[in-house]
Amino acid sequence: MIGPRYTRIQAKKLQRLKARLKVQTRRNTGANLAEVIRQLNPVLRGFLTYFRIANCARPMKGLMSWLRRRLRAIQLKQWKRPSRLHRRLRQLDYRGVFSAIGMQSWRNAQSPLASYAMPNRWLHDELGLFDLSSQRVGLCFPVI
């Protein structure tokens, strides 16, 4: 959508991308997290390349937040038991109370324990997830 001083991504285009990412990040595929990320990166790069001229920093930030939560849900399901999450937290020198959480829950993929065990930098730097929110967008118009 092109306005007088801005461009935006249509909501339908974001919904289609989200639906495509949802299919690729299903929790019952059995693929490990690195393989899922390897399949996601070309889709994310292509979407960003196509829509780079749009002023879309906020939708990209929200999309990446949602995608990281889905990836954490995949990893929690693969760990199967809270003890493996707690072991990962101890490896990262987290000292605190470990409460048992449901490992197959979408809700618990947003818990602080999951975020401590799988921080954003781990997903981006170590596993190689392409970060849409760190890229410059809105490149077609000069800033006034």
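Leaving aside neighbours within four places in sequence, which residues is His 86 in contact with? They are Phe 98 and Ser 99, where contact means heavy atoms within 4.5 Å. This is a predicted model, in which local features need pLDDT of at least 70, side-chain atom pairs count only at pLDDT 80 or more, and totals for chains, interfaces and linings use all residues. Residues are numbered from 1 along each chain as its sequence is written, and side-chain values use heavy atoms, with hydrogens and water left out.

**Overall make-up**

- The protein chain has six helices and zero strands; helices (H or I, at least four residues) and strands (E, at least two) are DSSP runs, numbered from the N terminus.
- Along the sequence, the pattern of the protein chain reads α-α-α-α-α-α.
- Taken along the principal axes, the C-alpha atoms of the protein chain fill a box of roughly 55 × 30 × 25 Å.
- The protein chain has 144 residues, and 39% of them count as buried. Buried means under 20% relative accessible area, exposed means over 50%, and partly exposed lies in between, with a 1.4 Å probe and protein chains only.
- Among contacts in the protein chain between residues at least 6 apart in sequence, 76% join residues at least 24 apart.

**Packing of α1 and α2**

- Helix α1 (residues 11-24) packs with α2 at an angle of about 170°, and their axes are 10 Å apart. Axes are lines fitted to C-alpha atoms, for helices over the stretch in contact, and angles run from 0 to 180 degrees between N-to-C directions.
- α1 and α2 are therefore roughly antiparallel to each other. Angles over 145 degrees count as roughly antiparallel, under 35 as roughly parallel, 65 to 115 as roughly perpendicular and the rest as oblique.
- The crossing of α1 past α2 is right-handed. On the α1 side, the contact is made by Lys 13, Leu 14, Leu 17, Arg 20, Leu 21 and Gln 24, and on the α2 side by Val 36, Gln 39, Leu 40, Val 43, Leu 44 and Phe 47.
- A crossing is right-handed if the near helix is turned clockwise from the far one by less than a right angle, and left-handed if anticlockwise.

**Packing of α2 and α3**

- The axes of helix α2 (residues 33-50) and helix α3 (residues 57-79) cross at roughly 165° and come within 12 Å.
- α2 and α3 are therefore roughly antiparallel to each other, and α2 passes α3 in a right-handed crossing.
- From α2, Leu 33, Val 36, Ile 37, Leu 40, Leu 44, Phe 47 and Leu 48 meet residues of α3, namely Met 60, Leu 67, Leu 71, Ile 74, Gln 75 and Gln 78.

**Aromatic rings**

- Rings of Phe, Tyr and Trp (its six-membered ring) pair if their centres lie within 6.5 Å; planes under 30 degrees apart count as stacked, over 60 as edge-to-face and the rest as tilted.
- By this rule there are four aromatic pairs. In one of them, the ring centres of Tyr 50 and Phe 51 are 4.9 Å apart and the planes stand at 80°, so the pair is edge-to-face.
- Tyr 50 is exposed, at a relative accessible area of 63%, whereas Phe 51 is buried, at 15%.
- One aromatic cluster is formed by Phe 47, Tyr 50 and Phe 51.
- Lys 18 lies over the face of Trp 66, 4.9 Å from the ring centre. A charge sits over a ring if NZ of Lys or CZ of Arg is within 6 Å of the ring centre and within 35 degrees of the ring normal.

**Two residues in helix α4**

- His 86 is in helix α4 and is buried, with a relative accessible area of 11%.
- Arg 88 is also placed in helix α4 and is buried, with a relative accessible area of 16%.
- Not counting residues up to four places away in sequence, Arg 88 touches Trp 79, Ala 117 and Trp 122.
- Arg 88 and Glu 35 are 53 residues apart in sequence and, C-alpha to C-alpha, 20 Å apart in space.

**Loop residues with positive phi**

- Lys 80 is not a glycine, yet has a positive phi of about 70°. Lys 80 is placed in the loop between α3 and α4 (82-91) and counts as exposed at 61% relative accessibility.
- Asp 93 is not a glycine either, and has a positive phi of about 60°. Asp 93 lies in the loop between α4 and α5 (112-117) and counts as exposed at 56% relative accessibility.
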